[in-house]
Structure formats: C-alpha cells, structure tokens
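Subject: Structure handover

Hello,

Here is the structure for you to look at. Please open it alongside this message; what was found follows below.

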Amino acid sequence: MESQRTDIEHLTISRRDSELVKTTLEGDQKSFARLMTLYKKRIVAIGMSFFKNSVDTEDFVQEVFFKAYTKLDTFRGDSMFSTWLTRLAYNLAINSVKRRDEYVQLSDDEILKDMSDTPEEAQIRKITGEAIREAIKELPAQYAVCLDMYFFYDISYAEISNITGLPVNTIKSHIFRAKKILRDKLVERGFV
Amino acid sequence: MKKTEECNRVMDAYLGLDKGERVPFKLTLHLLTCSKCRKQVKGLKMAEKIAKAPLEIPVPIDDESILAVMKKINPRYTSSKNPISITRWIIYGLAMILSMFVFGFSKFQEASKGVLISFYLLFAFAVTVYCAMFVGTNMDFFVKIMTTKKVDRNAEKAGI
C-alpha cells in the first residue's frame, strides 16, 4: 500500500520536475529558480558532508546549480531530475580540491532539524540517526554516503548505485543491515 | 516457534525491499494476520518518512544563493516574490465588498433605479477584476493546492 503512494508521489514529482526543466530550456529562467528552491537543501546537505564548513558549502551550492543550468540540455529524462542533480553534485564534491578526506554523516547535521517536529518525531529521527551511525561503524568509508542517500535523500538502491558507481547488491546489503538495526532500536525504545 | 520463524523470514524480506517497491502478496498476507510484524513495518515506514522530510522542504525563491546563481545566469534577473500576502488580499477584498455594501445601502432610499443598477454593475465588475487579480498573482498557491488534492484523491482511490 505504501509503495503505491510512493509511486504516485514519485510520478508527480517527476512530472513536475520534467515540466520545469522543459520550460527552463524554452527560456523561462524562473522555472530554474523554482527547481533550485526545491533541491537547495539537498545540495547544501551534500556540501556540508564533504566540505564541513558553510563558506565552501555556499560556493559548492552555487557551482552545482550553475553547472546544472549550463548542462541542463544533457538531462534526457531517463532518471529523475533529483537523481541527475545529485549525481552532478556528488561528482563535483568528490573531485573538489577543497574536499576533506572524511565524509561527515548527515545524521548529525543541523540541516535535518525540522521545526515542525513533534517530540515523538524528534525522538524517531534521533533513533534513525543512531541506527545509521551504528551501521556505518563497520562499513568501508565510501558506503556512509549510500546510507545517507537512502534514508535522508530518499534515493533508491539503483539510483544510489548510478550516482556513486558502487555495486547495487553491496549497497542493498548495507542498507538492509541499517534497517535491521533501526527496527531493533524502535522495538527496544517501545515505538513499535 | 513456527510463527517467530515465519515473522523473521517476512521481516527480512520486507527489510530488503527498495523504495517504492511493491510489497509481495505473501508478505501482505502475513502482515494482515500478524500484528507484531505490522507494528514493526508501520514503525519503519514512519521512521523513513520522518528521516527524509527536512530535505524536502523548499527554500524561499528569494534565497540569497538562488539569487546569486540567477544573477550569474542573467545579470538582470529579479526575484518575482509576491509582495502581497494571501491574508492581505483577503482582508482588502472583504473591506472593499463591505464598503460597497455600506455605500449601496446608505444611498438606497435617495438614488434612482438607474443609478442603483449602474452602481451594482460597477460593484460586480470591481469584484470580478479583484478576484481575477487575486487568482492570477497567486497562481502558484492554487496550483500547489490542486496538485496536493489530486495526489490525495489518487491515493484514496488506490485505497491507501
């Protein structure tokens, strides 16, 4: 049942983004500004994980969007616009000279604090972060970003593999383990 | 014991599912009959939904870095943020209607039929123009409402 809802949501988002890309390519720059409002938070989150400071992150965000605008005609629509943009941002981040060696897990970041959270939601968000951090402890460093992408960026296994170039089955098994830890923590704390 | 083994098998299969992947019929059947697994699935879904929510909130159109990028693309770009809020539109609209009613009723006794008809035609025209301007300048707001309602209706139809 939930998957059907996700399908509908993804379809709606995909259509909206394709329309905005189309009108941007037709010369409507405001459509591109709208796309930026929708995905700025995501790009900031990627920047903070790789650069760990707001000045470099701000430069990174502007670089990503400017590059996205100049390369928009290469977006063929065979993946979602969000995946295309995330891949562009990820590649720019890992190839940047300003990039720090260690990727910082998003589960710690201020950007994930939502002012509309109820106490229960805040607690569940905290547990999710704990589960991801615990799962990551035993993983090779490059897989940290995969867990962030799945849980926080709402990206599927195949799309994560497409963005990072890592094997889909390995990604799947690491996310499976994180989900198991999350489930156990939710049971342990009495949320289920 | 058998039930626990079945629960473990079902939960492992569930945890292996990707985003948007359809839950297989066998799993759905088990979830219908096992409240323990159903609660776990509900908890996991809620956790995933809460985790992704903050990054899905759009930033305002006049955000500094958005304006900076747009200026790089087009130096003459200006943000088209609507300077009048919806609440103000409604308050001014109601004030306009109220003042027209008060004026109409105060002149009701003394004015001739022709004047009154002209007044009410003008009144109707002004309200129509005001409503058209309200909808036109807040198109984004109405499109967003319609899209949300459509998604909810589709979800309801699908029995979600």
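The domain bounds used here come from an automatic or database domain assignment. On that basis, chain A is divided into domain 1 (1-104) and domain 2 (106-192). The C-alpha centres of these two domains of chain A lie 20 Å apart. Please keep in mind that this is a predicted model.

**Domain contact in chain A**

Domain 1 of chain A puts 13 residues in contact with 14 residues of domain 2 of chain A. On the domain 1 side, two helices each supply at least two residues: H2 (29-51) and H4 (81-94) of chain A. H2(A) has the largest share of that side, with 6 residues. By class, the domain 1 side divides into 6 nonpolar, 4 polar and 3 charged residues.

**Chain A overall**

Chain A has 8 helices and 0 strands. From the N terminus on, its elements read α-α-α-α-α-α-α-α.

**Helix packing around H6(A)**

H6 of chain A covers residues 144-151, and H7 of chain A covers residues 157-164. They pack at an angle of about 135°, with their axes 10 Å apart. Angles over 145 degrees would count as roughly antiparallel, and 65 to 115 as roughly perpendicular. H6(A) and H7(A) are therefore oblique to each other. The crossing of H6(A) past H7(A) is right-handed.

Which residues make this contact between H6(A) and H7(A)? From H6(A) come A:Val145, A:Cys146, A:Met149 and A:Tyr150. From H7(A) come A:Ile160, A:Ile163 and A:Thr164. By class, the residues of this contact are 6 nonpolar and 1 polar, with no charged.

Next is H8 of chain A, residues 168-188. H6(A) packs against H8(A) at an angle of about 70°, and their axes are 10 Å apart. These two helices, H6(A) and H8(A), are therefore roughly perpendicular to each other. Here too H6(A) makes a right-handed crossing, this time past H8(A). In H6(A), the residues in contact are A:Cys146, A:Leu147 and A:Tyr150. They meet A:Ile171, A:His174, A:Ile175 and A:Ala178 in H8(A). This contact of H6(A) with H8(A) has 6 nonpolar residues, 1 polar and no charged.

A:Cys146 and A:Tyr150 are among the residues of H6(A) that touch H7(A), and both are also in the contact with H8(A).

**Chain A against chain B**

How many residues does each chain bring to the contact? Chain B brings 45 residues and chain A brings 52. On the chain B side, the elements that give two or more residues are H3 (35-52), H4 (64-73) and H7 (139-157) of chain B. H3(B) gives the most to that side, with 12 residues. The residues of the chain B side that touches chain A divide into 25 nonpolar, 9 polar and 11 charged.

Best regards

Note on methods:
Residues are numbered from 1 along each chain as its sequence is written. Chains are lettered from A and ligands numbered from 1 in the order in which they are written. This is a predicted model: local features need pLDDT of at least 70, side-chain atom pairs count only at pLDDT 80 or more; totals for chains, interfaces and linings use all residues. Axes are lines fitted to C-alpha atoms, for helices over the stretch in contact, and angles run from 0 to 180 degrees between N-to-C directions. Helices (H or I, at least four residues) and strands (E, at least two) are DSSP runs, numbered from the N terminus. Angles under 35 degrees count as roughly parallel, over 145 as roughly antiparallel, 65 to 115 as roughly perpendicular and the rest as oblique. A crossing is left-handed if the near helix is turned anticlockwise from the far one by less than a right angle, and right-handed if clockwise. Two residues are in contact if their C-beta atoms, placed from the backbone, lie within 7 Å. Ala, Val, Leu, Ile, Met, Phe, Trp, Tyr, Cys and Pro count as nonpolar, Asp, Glu, Lys and Arg as charged, and the others, Gly among them, as polar.
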